[in-house]
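Let's take a friendly look at this model together. Have the sequence and the 3D view at hand as you read.

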Amino acid sequence: GLCILNDPAQEDYNQRAVFLHVLGDAFGSVVALGSAMIMRWWETWETRYMVDPILSVVLVCLIVKTTIPSLKATLHILLQKVPSDVEALNLKKDLLNLASVKSVKNLHLWQMDEKKKIASVNVIPLDEQNPSLSEINKIFHTYGFSMTTVQFDSQEAICEPVFGNEK
């Protein structure tokens, strides 16, 4: 069971959390047994009853130390943060370097899980002909995005929104 959970090729955040939980339980059992043996067999040691709380605090510190990275990674996904391995400005520059792209608007980048990255973008073409969707998707693919939504907007769609009946 532990070999499957420790296989880096199969690793995801859930498996890592399960592995750390099992490891914490096992280490907790070792701490409890060790504390009981010390308190039982070292009767001449006056402070032997301090071993259990001290080892328990050490165990809690180790559990917290190993939990924080998983918690941070999970929060980044839940808060839909830009994936840490993606430079959004470089991606936007690569899109703007396409010959038929005039502008890039509403670029949104996020992760669904530790492997699946998603992007959406509005592209304004330089002329009436839309840029190649395959070229745009190829750029996103080089940054590791598996799902993209590309919307082509016309030049008229660039104007500022109007509120009310102002003339």
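How many bridges join strand β2 to β3? Seven do, and β2 (residues 117–125) runs parallel to β3.

## About the model

This is a predicted model, in which local features need pLDDT of at least 70 and side-chain atom pairs count only at pLDDT 80 or more, while totals for chains, interfaces and linings use all residues. Residues are numbered from 1 along each chain as its sequence is written, and side-chain values use heavy atoms, with hydrogens and water left out.

## The sheet

The order β1-β2-β3 describes an open sheet of three strands with mixed pairing. Strands here are DSSP runs of E with at least two residues, and helices are runs of H or I with at least four, numbered from the N terminus; two strands pair if DSSP finds at least two bridges between them. β1 (101–111) and β3 (145–152) are the edge strands with a single partner each, so one side of each has no neighbour in the sheet.

## Helix α2

With 29 residues, α2 spans 42 Å from first C-alpha to last, close to the 42 Å expected at 1.5 Å a residue (the expected span is 1.5 Å times one less than the number of residues). Its buried residues include F19, L20, G24, V31, S35 and I38; buried means under 20% relative accessible area, exposed over 50%, and partly exposed in between, with a 1.4 Å probe and protein chains only.

## Helix α3

L62 lies in helix α3 and is partly exposed, at a relative accessible area of 41%.
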